[in-house]
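The following report describes the strand pairing, helix packing, core and charged pairs of the structure shown here.

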Amino acid sequence: MFWDKVSGFYDLFGLNMILDNDGNMILTEGLALQDEKIWKEFLGKDIIPENNACELYFEEQDIEAFIEKLEKLYPGVQYVNRLMTHSWGQKVIRFYDLDGNLIEVGTPM
(Lines give C-alpha, C1' and ligand atoms only; values in the text may rest on other atoms or scores of the structure.)
Protein backbone atom coordinates (compact mmCIF):
# COMPACT_ATOMS: atom_id res chain seq x y z
CA MET A 1 0.00 0.00 0.00
CA PHE A 2 1.27 3.48 -0.89
CA TRP A 3 0.73 4.94 2.58
CA ASP A 4 2.74 2.14 4.19
CA LYS A 5 5.68 3.08 1.93
CA VAL A 6 5.29 6.77 2.69
CA SER A 7 4.98 6.37 6.45
CA GLY A 8 7.98 4.00 6.38
CA PHE A 9 9.99 6.62 4.51
CA TYR A 10 9.25 9.28 7.10
CA ASP A 11 10.44 6.91 9.85
CA LEU A 12 13.87 8.13 8.69
CA PHE A 13 13.11 11.41 10.45
CA GLY A 14 11.75 9.86 13.63
CA LEU A 15 8.14 10.55 12.60
CA ASN A 16 5.45 8.00 13.36
CA MET A 17 1.99 7.64 11.87
CA ILE A 18 -0.81 8.72 14.19
CA LEU A 19 -3.71 8.32 11.76
CA ASP A 20 -4.14 6.80 8.31
CA ASN A 21 -7.58 7.76 7.06
CA ASP A 22 -7.71 6.54 3.45
CA GLY A 23 -5.61 9.23 1.83
CA ASN A 24 -5.11 11.55 4.78
CA MET A 25 -2.15 10.66 6.97
CA ILE A 26 -1.16 12.47 10.14
CA LEU A 27 2.35 11.95 11.48
CA THR A 28 3.89 12.99 14.78
CA GLU A 29 5.30 16.53 15.00
CA GLY A 30 2.19 17.83 13.22
CA LEU A 31 3.08 16.74 9.68
CA ALA A 32 0.00 15.89 7.61
CA LEU A 33 0.18 14.31 4.16
CA GLN A 34 -2.76 14.11 1.79
CA ASP A 35 -3.09 11.91 -1.28
CA GLU A 36 -3.73 13.48 -4.68
CA LYS A 37 -7.12 11.75 -4.97
CA ILE A 38 -8.39 13.77 -2.00
CA TRP A 39 -7.41 17.03 -3.72
CA LYS A 40 -9.11 15.94 -6.95
CA GLU A 41 -12.33 15.20 -5.03
CA PHE A 42 -12.28 18.57 -3.22
CA LEU A 43 -11.40 20.64 -6.29
CA GLY A 44 -13.28 18.64 -8.89
CA LYS A 45 -10.41 18.80 -11.40
CA ASP A 46 -7.06 17.23 -12.21
CA ILE A 47 -4.06 18.23 -10.17
CA ILE A 48 -0.97 19.61 -11.90
CA PRO A 49 2.00 18.82 -9.65
CA GLU A 50 4.39 21.69 -9.06
CA ASN A 51 7.21 19.81 -7.32
CA ASN A 52 10.10 21.96 -6.15
CA ALA A 53 7.68 24.79 -5.39
CA CYS A 54 8.46 24.08 -1.72
CA GLU A 55 10.43 21.63 0.35
CA LEU A 56 10.22 19.80 3.65
CA TYR A 57 13.17 20.62 5.90
CA PHE A 58 14.55 18.43 8.67
CA GLU A 59 17.61 18.74 10.91
CA GLU A 60 19.94 15.91 11.85
CA GLN A 61 22.83 16.23 14.28
CA ASP A 62 24.73 13.29 12.74
CA ILE A 63 24.02 13.88 9.07
CA GLU A 64 26.59 11.34 7.86
CA ALA A 65 24.83 8.56 9.83
CA PHE A 66 21.50 9.76 8.42
CA ILE A 67 22.85 9.53 4.85
CA GLU A 68 24.12 5.99 5.48
CA LYS A 69 20.69 4.96 6.75
CA LEU A 70 18.94 6.70 3.82
CA GLU A 71 21.13 4.97 1.23
CA LYS A 72 20.83 1.59 2.94
CA LEU A 73 17.01 1.73 3.09
CA TYR A 74 16.50 3.59 -0.21
CA PRO A 75 19.49 2.86 -2.47
CA GLY A 76 17.75 4.44 -5.47
CA VAL A 77 17.19 7.78 -3.76
CA GLN A 78 17.36 10.64 -6.26
CA TYR A 79 19.58 13.46 -5.02
CA VAL A 80 19.22 17.12 -5.90
CA ASN A 81 22.58 17.62 -4.22
CA ARG A 82 24.71 15.27 -2.21
CA LEU A 83 26.24 16.37 1.07
CA MET A 84 27.62 19.88 0.81
CA THR A 85 28.68 22.57 3.25
CA HIS A 86 27.31 26.09 2.94
CA SER A 87 29.59 29.10 3.47
CA TRP A 88 28.10 29.54 6.98
CA GLY A 89 29.16 25.99 7.92
CA GLN A 90 25.85 24.13 7.76
CA LYS A 91 25.99 20.71 6.05
CA VAL A 92 22.95 19.85 3.88
CA ILE A 93 21.64 17.31 1.40
CA ARG A 94 18.58 17.57 -0.81
CA PHE A 95 16.70 14.69 -2.37
CA TYR A 96 13.22 13.59 -3.43
CA ASP A 97 10.92 11.46 -1.31
CA LEU A 98 8.98 8.52 -2.78
CA ASP A 99 6.33 10.86 -4.15
CA GLY A 100 8.75 13.33 -5.77
CA ASN A 101 8.61 15.96 -3.02
CA LEU A 102 11.77 17.91 -2.30
CA ILE A 103 13.39 17.14 1.05
CA GLU A 104 16.28 19.05 2.63
CA VAL A 105 18.17 17.69 5.61
CA GLY A 106 20.71 19.86 7.34
CA THR A 107 22.77 20.01 10.48
CA PRO A 108 21.29 22.28 13.17
CA MET A 109 22.14 25.93 12.72
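## The sheet

In this predicted model, an open sheet of four strands is arranged in the order β4-β7-β6-β5, with mixed pairing. Two strands are taken as paired if DSSP finds at least two bridges between them, while the strands themselves (E, at least two residues) and the helices (H or I, at least four) are DSSP runs numbered from the N terminus. The edges of the sheet are formed by β4 (55-59) and β5, each of which pairs on one side only, and the twist from one strand to the next averages 15°. Angles run from 0 to 180 degrees between N-to-C directions, with axes being lines fitted to C-alpha atoms, for helices over the stretch in contact.

Strands β5 and β6 run antiparallel and are joined by four bridges, and N81 stands opposite R94 in β6. The helix α3 packs on the sheet, where it touches β5, β6 and β7, and its direction makes about 20° with that of β6. The hairpin formed by β5 and β6 has five residues between the strands, with G89 in the turn at a positive phi of about 100°. The pairing of β6 with β7 is likewise antiparallel and extends over five bridges, V92 having G106 in β7 as its bridge partner. In the hairpin of β6 and β7, where five residues lie between the strands, G100 takes a positive phi near 85°.

## Overall composition and conventions

The protein has three helices and seven strands, which follow the pattern α-β-β-β-α-β-α-β-β-β along the sequence. Of its 109 residues, 34% are buried, where buried means under 20% relative accessible area, exposed means over 50%, and partly exposed lies in between (1.4 Å probe, protein chains only). Among the contacts with a separation of 6 or more, 42% are between residues 24 or more positions apart, a contact being defined by heavy atoms within 4.5 Å. The protein exposes about 7100 Å², of which carbon and sulfur atoms supply 52%, as calculated by the Shrake-Rupley method with a 1.4 Å probe.

Residues are numbered from 1 along each chain as its sequence is written, and side-chain values use heavy atoms, with hydrogens and water left out. For this predicted model, local features need pLDDT of at least 70 and side-chain atom pairs count only at pLDDT 80 or more, whereas totals for chains, interfaces and linings use all residues.

## The nonpolar core

The largest nonpolar core contains 21 residues, and among these Y10, F13, F66, L70, F95 and V105 touch the most other members. Such a core is a set of buried Ala, Val, Leu, Ile, Met, Phe, Trp, Tyr and Cys residues joined through side-chain atoms within 4.5 Å. Two or more residues each come from α1 (2-10), β2 (24-27), α3, β6 and β7, and α3 gives the most, with four residues.

Leaving aside residues up to four places away in sequence, V105 touches F13, F58, E60, I63, F66, K91, V92, I93 and F95. T107, in the segment after β7, counts as buried at 12% relative accessibility. With the same exclusion of residues up to four places away, the contacts of T107 include Y57, E59, I63, Q90 and K91.

## Salt bridges

Three salt bridges are present in the structure, each defined by a side-chain nitrogen of Lys or Arg within 4 Å of a carboxyl oxygen of Asp or Glu. In one of them K91 pairs with E64, their closest N and O atoms being 2.8 Å apart. This pair links distant parts of the chain, since K91 belongs to strand β6 (residues 91-96) and E64 to helix α3 (residues 63-73), 27 residues apart. K91 is partly exposed at 30% relative accessibility, and E64 is partly exposed at 35%.

The side chains of R82 and E71 also form a salt bridge, at 3.2 Å from N to O. Here R82 lies in strand β5 (residues 79-85) and E71 in helix α3, eleven residues apart; R82 is exposed, with a relative accessible area of 53%, whereas E71 is partly exposed at 34%. A further salt bridge joins E104 and R94 at 3.4 Å, N to O, and because E104 lies in strand β7 (residues 102-106) and R94 in strand β6, the pair ties together parts that are ten residues apart in sequence. Both partners are buried, E104 with a relative accessible area of 9% and R94 with 16%.
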